[in-house]
Amino acid sequence: MRKNKSAAVVLSAVLLASSFAYSPTFGTSTVQAEATEYKHAFDQKVIKRFKAERSMRHIQFLSEQLGPRVAGTEEEEKAASYIKNLLTSYGFDIEVQEFSIPDRLMGTLEANGNEVRVNIPAGSASTDEAGLSGSLYDAELGFPEDFTSEVEGKIALISRGELTFANKIKNATEAGAVGVIIYNNQKGSAPLNMSLGDYEASVPVAGITKVSGEALLNDVLPSNSEVTLTIERFENSTSQNIIATRTPKHVEDPDILHVTAHYDSVQYAPGANDNASGTSVVLELARILKSYPLDKELRFVFFGAEEIGLVGSKHYVSELSEDEVKRSTGNFNLDMVGTDWDQATSIYMNTLDGQSNIVSETAVAAAQRLDTPSPLTLYKRGASDHVSFYEGGIPSVNFIRREPGTADLEPYYHTPQDVLEHVSEERLQEIGELIGASVYQIVGNK
């Protein structure tokens, strides 16, 4: 295990990228900063009891026995029940917070007798049971000049790039396309997962991989073969947050610390790292801290529907009273903390404004006390549930593993390869000790 005797942690601040999509950002500047000096006698009470093998068992259940846990599905609900039952067995007071989510869309695409995997964005139109059948039109990047009168009545096949997805779809429909398929311009095993913002398409829309798009261009389009796109809409769907609370009996109106993770995943992805890993670490911390004396209120919160726009965390924060917000010390949010990808050597501490706060400062102090092997990187970034807390006026940090410099995520992100074998038990132990020591530093009865 590599030791860091210099007691210095690299803090990097970069320009904020899109709030709800992971992507590399550029223009990094680096400074050295000495952590605030904290001394706490109780680190060992947490780190000696944290068992990463327990976390691995939680990940195995969520990713292998349940598999993809898409918001609003039976699998997501079973994940919530699993979390609730564990926390109940630990002796917590549990609240199940149910909320409505946007209509869920699921689809299939058939071409030359083969099924092509698709993602259907919120904002797409649906089809009837028979689906939409038609021949394809190569619309290149989807600029207005990429369309001719030949697109009328056809399904536009468009490459990702240069224009927003909404503008590509708008140009296609104005030219007379009856459907739109957008393929990725980057390699990846998962179908393109698009965000249309507030745009509501008047035609069915699907996202596919780069390989699938090239196959349609080279094998299907030249023969003028028809494809069939079927999209089903699931209305009145709900998801749920699971909230486990411990309140000190000797403190009136105590401060509140929120420790959080989301448990849903995207379609096709078993979600072992994203985010059964974060969920598993928070569950293990709840087991450890279930009975230690506290002088602050401690809430472990597990969010549903993160992958469709942070819906669960937004609902949770919106339901906090003004008094609860004022009493909230901070939020530790764990997302994708267990990848075994060898290039993800840094634990990133994402804050929406790129500034340190009590959460990041406490983590830096804990890392120095524990000689945490991985460097901590402060980063200006949204894209996870810490955003909801920040916007609600609560200091928050998203802890996530990335590649230093590029800030890239693991190559398994949002793919069928996000499986247990790509989760590192050693890294789960590291993050569990770091966050456990940090949380207990804030809430432990001194």
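Colleague: Is glutamine 441 buried or exposed?

Modeller: Under 20% relative accessible area counts as buried. In this predicted model, glutamine 441 has a relative accessible area of 7%, so it is buried. Glutamine 441 is found in helix 11.

Colleague: Which strands does helix 11 lie across?

Modeller: Helix 11, residues 425-443, lies across strand 12, strand 13, strand 14, strand 15 (346-351), strand 16 and strand 17 (396-402). Against strand 14, the helix runs at about 175 degrees.

Colleague: How far apart are the C-alpha atoms of glutamine 441 and glutamate 162?

Modeller: The separation is 47 Å, for two residues that are 279 residues apart along the chain.

Colleague: How should I read a sheet, and what is the strand order in the open sheet of eight strands?

Modeller: In general, strands of a sheet pair through backbone hydrogen bonds, either parallel or antiparallel. Here the order is 3-11-13-12-14-17-15-16, and the pairing is mixed. The edges are strand 3 (93-100) and strand 16 (376-380); each has a single partner strand, so one side of each lacks a neighbour in the sheet. From one strand to the next, the twist averages 25 degrees.

Colleague: In what sense do strand 3 and strand 11 pair, and over how many bridges?

Modeller: Strand 3 pairs with strand 11 (residues 238-246) in the antiparallel sense, over eight bridges. One place to look is serine 100, whose bridge partner in strand 11 is threonine 238. Helix 6 also packs on this sheet, where it touches strand 12 (256-262), strand 13 (297-303) and strand 14 (328-334). The direction of helix 6 makes about 145 degrees with that of strand 12.

Colleague: What is the order in the open sheet of seven strands?

Modeller: The order is 5-4-10-6-7-8-9, again with mixed pairing. Strand 5 (114-116) and strand 9 (205-208) are at the edges with a single partner strand each, so one side of each has no neighbour in the sheet. The twist averages 35 degrees from one strand to the next. Inside the order, strand 4 (residues 104-111) and strand 10 (residues 226-234) pair in the antiparallel sense over eight bridges, and leucine 109 stands opposite leucine 229 of strand 10.

Colleague: Which strands does helix 4 lie across, and which does helix 5?

Modeller: Helix 4 (residues 165-175) lies across strand 7 (155-159), strand 8 (179-183) and strand 9, at about 145 degrees to strand 8. Helix 5 (residues 210-220) lies across strand 4, strand 5, strand 6 (132-138), strand 7, strand 8, strand 9 and strand 10. Helix 5 runs at about 105 degrees to strand 9.

Colleague: How do I read a helix pair, and at what angle do helix 2 and helix 3 pack?

Modeller: An angle over 145 degrees counts as roughly antiparallel. Helix 2 (residues 52-66) and helix 3 (residues 74-89) pack at about 155 degrees, with axes 10 Å apart, and are therefore roughly antiparallel. The contact includes Phe61 and Leu62 of helix 2 and Tyr82 and Leu86 of helix 3. By class, it has six nonpolar, one polar and three charged residues.

Colleague: At what angle do helix 2 and helix 6 cross?

Modeller: Their axes cross at roughly 135 degrees and come within 8 Å; helix 2 and helix 6 are therefore oblique to each other. The crossing is right-handed. Among the residues in contact are His58 and Ile59 of helix 2 and Ala276 and Val281 of helix 6. This contact divides into six nonpolar, six polar and three charged residues.

Definitions and conventions. Residues numbered from 1 in each chain as written. Predicted model: local features only at pLDDT ≥ 70, side-chain atom pairs only at ≥ 80, totals over all residues. Heavy atoms only, no water. Axes fitted to C-alpha atoms, helices over the stretch in contact; angles between N-to-C directions. Helix = DSSP H or I, 4+ residues; strand = E, 2+ residues; numbered from the N terminus. Parallel < 35°, antiparallel > 145°, perpendicular 65-115°, else oblique. Contact = heavy atoms within 4.5 Å. Nonpolar A, V, L, I, M, F, W, Y, C, P; charged D, E, K, R; others polar. Left-handed = near helix turned anticlockwise from the far one by under 90°. Pairing = 2+ DSSP bridges. Buried < 20%, exposed > 50% of the residue type's maximum accessible area, 1.4 Å probe, protein only.
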